[in-house]
Amino acid sequence: MRIFLIAVALTLAATCSCVAQRDTTHGATAFNHYIGLQANQLLKQILNLSNSNAEVNNPYVITYSFNSAYSGWGGEIGLGFNYQSTKNKTPISTESKINDLFYRIGSSWKRKIGKRFEGGYGIHIMGSSLSDNTTNSNVTLFGNGKDSTATTTETKTGTIGFGPQLSLAFSITEKIFLGTETTFYYSNATEKNNVKVTDYFFDFFNPNNNTISISNSNTEKEISKFSLNFPTVLFLILKF
């Protein structure tokens, strides 16, 4: 996967080099730069869209693209992340950590449509690395001791895929746009799951009876799918 992404990055760099050379022959090397931030929650608060329950199925929080002012061609990247850490002490102690990273890279083309709109399309390589680690601990007291059980479930999912993108942005000002996109990605994911159960028995009166038992189970599966993401996401885009 790493070699594949490096090859894509080199191809993208070569494409941009060719675009720059083409612009130079026309007397200029000019690029438009676009930085987009996912703004659904912000706009929901500003416009008071409290009754809007539309699910946002786009994981990319920030996007960046650079496109030739002459040909419209350029490159694009997108990043998204999700980190959560929760603890619950009663009735069963539970600790959970979620750490997810989403990314994409590819070529894109953008062009003005009339006075107020810009449209574009692209082709992306996308991927993600998802990690979910949860530990449940339970303690049972007996007359002469206690039994403590800790169950740790670790799930890791790596995804790689590709597909096309269509984008549309509305010009609020000359430099600020509100945009959305539709993507159709094919992806292949490998999910690895490990469950570790550790049981401790402590005898308060006879330490020789103390025992520790550990068991492990592992599963692995592959998931392939096509995902059509409708334009429910809104990006606040700065053009410079």
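This is a predicted model: local features need pLDDT of at least 70, side-chain atom pairs count only at pLDDT 80 or more; totals for chains, interfaces and linings use all residues.
Residues are numbered from 1 along each chain as its sequence is written, and side-chain values use heavy atoms, with hydrogens and water left out.

Back to Asn 40. Asn 40 sits in helix α2, residues 40-46, and is buried at 16% relative accessible area. Buried here means under 20%, exposed means over 50%, and partly exposed is anything in between, with a 1.4 Å probe and protein chains only. Apart from residues up to four places away in sequence, Asn 40 touches Val 56, Thr 232, Val 233 and Leu 234; a contact is a pair of heavy atoms within 4.5 Å.

Zooming out, the protein chain has two helices and nine strands, in the order α-β-α-β-β-β-β-β-β-β-β from the N terminus. These elements are DSSP runs numbered from the N terminus, with helices being H or I over at least four residues and strands being E over at least two. Of the 240 residues, 31% count as buried. Take the contacts between residues at least 6 apart in sequence, and 68% of them join residues at least 24 apart. The accessible surface comes to about 14,900 Å², with 61% belonging to carbon and sulfur atoms; such areas come from the Shrake-Rupley method with a 1.4 Å probe, and for residues only the protein chains shown count as cover.

Now for the inside. In soluble globular proteins, nonpolar side chains tend to be buried together. The largest nonpolar core here has six residues: Tyr 34, Ala 169, Phe 177, Val 233, Phe 235 and Ile 237. A core in this sense is a set of buried Ala, Val, Leu, Ile, Met, Phe, Trp, Tyr and Cys residues joined through side-chain atoms within 4.5 Å. Val 233 also brings us back to the opening: leaving out residues up to four places away, Val 233 touches Gln 38, Asn 40, Val 56, Asn 58, Gly 179, Thr 180 and Glu 181.

On to the charges. There are five salt bridges, each a side-chain nitrogen of Lys or Arg within 4 Å of a carboxyl oxygen of Asp or Glu. One of them joins Glu 76 to Arg 104, with the closest N and O atoms 3.3 Å apart. That pair links distant parts of the chain, from strand β3 (residues 73-88) to strand β4 (residues 93-113), 28 residues apart. Glu 76 is buried at 6% relative accessibility, and Arg 104 is buried as well, at 2%. Another salt bridge brings Glu 118 and Lys 239 together at 2.7 Å, N to O, linking strand β5 (residues 117-141) with strand β9 (residues 235-239) across 121 residues. Here Glu 118 is buried at 7%, and Lys 239 is buried at 14%.

What about His 124? His 124 is found in strand β5 and is buried, with a relative accessible area of 1%. The His 124 side chain makes a polar contact with the side chain of Tyr 185 at 2.7 Å. Not counting residues up to four places away in sequence, the residues that His 124 touches include Glu 76, Arg 104, Phe 162 and Tyr 185. His 124 and Phe 162 are 38 residues apart in sequence and 5.4 Å apart in space, C-alpha to C-alpha.

One last stop is Asp 203, in strand β7, residues 176-203. Asp 203 is buried yet has no salt bridge, and the nearest side chain of opposite charge, Lys 146, is 12 Å away; for charge, Lys and Arg count as positive and Asp and Glu as negative, while His and the chain ends are not counted. What does the Asp 203 side chain reach at 2.9 Å? The backbone nitrogen of Phe 205. The Asp 203 side chain also makes a polar contact with the side chain of Asn 209, at 3.1 Å.

Note on methods
A polar contact is a pair of N or O atoms within 3.5 Å; within protein, one must be able to donate a hydrogen and the other to accept it, and residues adjacent in sequence count only if both atoms are side-chain atoms.
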